Amino acid sequence: MSTTGRVLVVDDDGAIRTVVREALRRAGHIVETAASVAEQRRLFQSFEPEVLVTDVVLPDGNGLDIIPEMLASKPGLPVIVLSAQNTFTTALRATEQGAFDYLPKPFDLGALTRAVSDALAARAASGASDSVGPVEELPLIGRSPPMQEVYRTIARVVANDLTVLVLGESGTGKELVARAIHDFGPRAAAPFVAVNMAAIPRELIESELFGHERGAFTGAASRNAGRFEQAQGGTLFLDEIGDMPMEAQTRLLRVLQAGEFTTVGGSRAIRADVRIIAATHKDLPRLIADGAFREDLYYRINVVPIRLPSLRQRGEDIGELARYFLDRAAADGLPRKLLDAGAVDRLMRHAWPGNVRELENLMRRLAALSRDELITANVIEQQFDGGPQPDGAPPVMGAGGLAEAVEMHLTRYFASFGRDLPPDGLYDRVLAEFERPLLQLSLAAARGNQLRAARLLGINRNTLRKKLTELQIDAGTGRRSD
Ligand SMILES: Nc1ncnc2c1ncn2[C@@H]1O[C@H](COP(=O)(O)OP(=O)(O)OP(=O)(O)O)[C@@H](O)[C@H]1O
């Protein structure tokens, strides 16, 4: 499989043409360059490129618009788009027009040479790729380099059915990315079904995912379609997959391997025509090492990883995101607010443990509650201090974020039932469910030191010991000891 070939580079910037030509020549390619669409058309006939590298804005036209014409005369030609308009739309428009890859400017020459040899290898191995659906309103904000990387990967996976694993801290936009992949792909007209593995009691996971027959277990009064069935033809988003109990992991792996499932209590195999996108904020390789996640399932779902940066890692996006959330709040009928430069500066110095969700909540709160139209650094500072709130509002992160964290999890748990009610006996079950991770996390934070963990929890050491035995938690590691 040859990874060198004839490459046509189109860019109106002479310096870029020279640098790219030299880099590609050094990598063994034969290179011609063009400075305009007209020159590109001419060379296209005489030079017969095997890869086209093109800029978007050219003096006599748009590099994206011309791609279909090039592909019509040379089907399967890989086109690599270079663009300084680093938005999600450009990446998607490029893919929609049939481009093979998209590199935001300024780009790294190493990345370009790799993209060119990938393109030649892919061309040798297969034919042209499918096209994607229409580009609509964009859900993803941010132009920072790590987000560019995310857009590039999304653009490459929308048109196919590859399993995607979205990784990133809580609130970084994992579900939004999953939705974008669904919405811009060929399954867009079919359902997108999200299921949060952390929000379902472990004994209900299988029937939740695969459905159950009438009478399959006590309380199963009628047949219920599971999430796999609800997502038929569309996309199933398995959120917090790192929280899936082992038995359910085994069942899921079998379904993914066989491409079909049976309902709980049923015997008929049902074909699973779903695209799987999984997400987690957990470190799966570590869970594997701890024996809490199946390695074979990991390889099955980690076909294309998309790693979302934390908000701290993309500080340059904070101003744009903050303004976007204020605009959205205004569109929802809340008073219109503006941020001054000092406010943006202050936002950029915050650590954002809750990532984009935290920023979104803060902006909505400020839109609803701050008195003045212009938001200053001072107003933001008060929010972070948990100090005087605008018009007596509660702090954004009450009790060091604990109240918000608990409320968030419970809200999502309730939301996962849609219009239905969660099973009865909730009070005791919630307390029991919180107790285990609370003890485990405290022990882990205290590095297994029970005295420190007990102090952290504010209970006495004997009580902690008793609870660890009761819940069968390994006192050294904090893991379940069975
Ligand atoms: N790039 C972005 N542009 C605009 N909004 C965003 C972006 N990223 C995240 N958001 C918003 O931030 C909120 C949190 O995003 P989302 O629920 O997708 O995060 P998550 O990583 O799935 O969180 P969790 O791990 O807690 O489930 C959502 O309201 C989402 O719309």
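In the predicted model, the axes of helix H18, which spans residues 426-445, and helix H19, which spans residues 450-457, come within 8 Å and cross at roughly 125°. At that angle H18 is oblique to H19, and the crossing in which H18 passes H19 is right-handed. On the H18 side the residues that meet the partner helix are Ser442, Leu443 and Ala445, and these are set against Ala453, Leu456 and Leu457 in H19. Sorted by class, the contact of H18 with H19 comprises five nonpolar residues and one polar residue, with no charged residues.

Confidence in the model was examined for the protein as a whole and for individual stretches. The mean pLDDT of the protein is 84, and 88% of its residues reach 70 or more. Over residues 127-138, however, the pLDDT stays under 50, and for this stretch the model has 25 contacts beyond four places in sequence. A further stretch with pLDDT below 50 covers residues 387-399, for which the model shows 22 contacts beyond near neighbours in sequence. For the complex, the predictor gives an ipTM of 0.98 together with a pTM of 0.61.

Several backbone features lie in loops between the elements of secondary structure. The peptide bond that leads from Lys105 to Pro106 is cis, with omega near -5°, and Pro106 itself is placed in the loop that runs between strand S7 (101-104) and helix H5 (109-125).

Positive phi values were also found at residues other than glycine. Glu240, although it is not a glycine, has a positive phi of about 55°, and its place is in the loop between strand S10 (235-239) and helix H10 (246-258). Because 20 other C-beta atoms lie within 10 Å, and the cut-off for burial is 20 or more, Glu240 counts as buried. Trp352 likewise is not a glycine and has a positive phi, here of about 50°; Trp352 is found in the loop between helix H14 (341-348) and helix H15 (355-369). With 22 C-beta neighbours inside 10 Å, Trp352 is therefore also assigned to the buried class.

Conventions. Residues numbered from 1 in each chain as written. Predicted model: local features only at pLDDT ≥ 70, side-chain atom pairs only at ≥ 80, totals over all residues. Axes fitted to C-alpha atoms, helices over the stretch in contact; angles between N-to-C directions. Helix = DSSP H or I, 4+ residues; strand = E, 2+ residues; numbered from the N terminus. Parallel < 35°, antiparallel > 145°, perpendicular 65-115°, else oblique. Left-handed = near helix turned anticlockwise from the far one by under 90°. Contact = placed C-beta atoms within 7 Å. Nonpolar A, V, L, I, M, F, W, Y, C, P; charged D, E, K, R; others polar. pLDDT = per-residue confidence, 0-100. Buried ≥ 20, exposed ≤ 12 C-beta atoms within 10 Å, placed from the backbone.
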